[in-house]
Amino acid sequence: VQLQASGGGLVQAGGSLRLSCAASGGTLSRYAMGWFRQAPGKEREFVATITWSGGASDYADSVKGRFTIARDNAKNTVYLQMNSLKPEDTAIYFCAAGPVFTSNPSPYLYWGQGTLVTVSS
């Protein structure tokens with residue numbers, strides 16, 4: 001499975017962006033999906049995850065109430081809607097697919113290349 005993340009860009013604080021993660025070479029409906037991010041000089045951190053069916057999701061405390069993860073298995077795509085963006089949300093955002101619904105990056109098998117989100121103050 002190959003994952004392609006897109007939708008990043010430059011946005012002012014308080015603005016919104018929607019990231020997409022499209023899959024090829026396989027179906028995403030078999031996998032839980034996660035979004036992670038890595039800011040310059042920092043470790044990769046969990047952002048959000050969703051079950052294979054979309055029936056449950058989980059978020060990092062830092063993004064709860066502002067970000068929403070969703071999936072469209074018919075389109076083989078997962079989304080991350082980001083609202084009320086803050087400068088501290090600036091990072092490269094990665095999508096990942098794996099067999100376990102978890103905030104731990106280790107079980108995820110497939111990773112996208114990342115898309116850069118820059119939030120200006």
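What follows is a short chat about a predicted model.

Reader: Let's start in the middle. Which residues touch the most other members of the largest nonpolar core?

Author: W35, L80, M82 and Y93 do. That core holds 33 residues.

Reader: Which elements give two or more residues to this core?

Author: They are β1 (2–6), β3 (17–24), β4 (32–38), β5 (45–50), β7 (67–72), β8 (77–82), β9 (91–98) and β11 (115–120).

Reader: And which gives the most?

Author: β9, with five residues.

Reader: Zoom in on M82. What is M82 in contact with, leaving aside neighbours within four places in sequence?

Author: On that basis, M82 contacts G15, S16, L17, L19, R66, F67, Y93 and V117.

Reader: Sheets next. What is the strand order in the open sheet of four strands?

Author: The order is β1-β3-β8-β7. The pairing is antiparallel.

Reader: Which strands stand at the edges?

Author: β1 and β7. Each has a single partner strand, so one side of each has no neighbour in the sheet.

Reader: How are neighbouring strands turned against each other?

Author: By 15° on average, with direction ignored.

Reader: How many bridges between β7 and β8?

Author: Six, in the antiparallel sense. Within that pairing, I69 stands opposite L80 of β8.

Reader: Back to β9. Is that strand enclosed or open, and why?

Author: β9 is largely enclosed by the rest of the structure, because seven of its eight residues are buried.

Reader: How many bridges join β4 to β9?

Author: Seven, and the two strands run antiparallel. R37 has Y93 in β9 as its bridge partner. Y93 is also among the core residues with the most contacts to other members.

Reader: What about β9 and β11?

Author: Three bridges join them, again antiparallel. I92 has its bridge partner in β11, and that is L116.

Reader: And β10?

Author: β10 covers residues 110–111. Two bridges join β9 to β10, and they run antiparallel. There, A97 has Y110 as its bridge partner.

Reader: What holds paired strands together in general?

Author: Backbone hydrogen bonds, in either a parallel or an antiparallel arrangement.

Reader: Switching topic. How many disulfides in the whole structure?

Author: One. The disulfide joins C21 to C95, with S to S at 2.1 Å.

Reader: Where do the two cysteines sit?

Author: C21 is in strand β3 and C95 is in strand β9. They are 74 residues apart, so the pair links distant parts of the chain.

Reader: Left-handed or right-handed?

Author: Right-handed, because the torsion about the S-S bond of C21 and C95 is about 70°.

Reader: Are C21 and C95 buried or exposed?

Author: C21 is buried, at 0% relative accessible area. C95 counts as buried too, at 1%. The cut-off for buried is under 20%.

Reader: Now T115. Where is T115, and is it buried or exposed?

Author: T115 is in strand β11. T115 is buried, with a relative accessible area of 9%.

Reader: What does its side chain reach?

Author: The T115 side chain reaches the backbone nitrogen of G8 at 3.1 Å. Leaving aside neighbours within four places in sequence, T115 contacts A5, S6, G7, G8, L19, A91, I92 and Y93.

Reader: Loops, then. Where does T102 lie?

Author: In the loop between β9 and β10. T102 is buried, with 17% relative accessible area. The T102 side chain reaches the backbone nitrogen of N104 at 3.0 Å.

Reader: What does T102 touch, not counting residues up to four places away in sequence?

Author: T102 touches F46, T49, P107 and Y108.

Reader: Last one, E88. Buried or exposed?

Author: E88 counts as exposed, at 55% relative accessibility. E88 lies in the loop between β8 and β9.

Reader: How far apart are E88 and A39?

Author: They are 49 residues apart in sequence. In space the distance is 8.5 Å, C-alpha to C-alpha.

Notes:
Residues are numbered from 1 along each chain as its sequence is written. This is a predicted model: local features need pLDDT of at least 70, side-chain atom pairs count only at pLDDT 80 or more; totals for chains, interfaces and linings use all residues. Side-chain values use heavy atoms; hydrogens and water are left out. A nonpolar core is a set of buried Ala, Val, Leu, Ile, Met, Phe, Trp, Tyr and Cys residues joined through side-chain atoms within 4.5 Å. Buried means under 20% relative accessible area, exposed over 50%, partly exposed in between (1.4 Å probe, protein chains only). Contact means heavy atoms within 4.5 Å. Two strands pair if DSSP finds at least two bridges between them. Axes are lines fitted to C-alpha atoms, for helices over the stretch in contact, and angles run from 0 to 180 degrees between N-to-C directions. A disulfide is a pair of cysteine sulfur atoms within 2.5 Å. A polar contact is a pair of N or O atoms within 3.5 Å; within protein, one must be able to donate a hydrogen and the other to accept it, and residues adjacent in sequence count only if both atoms are side-chain atoms.
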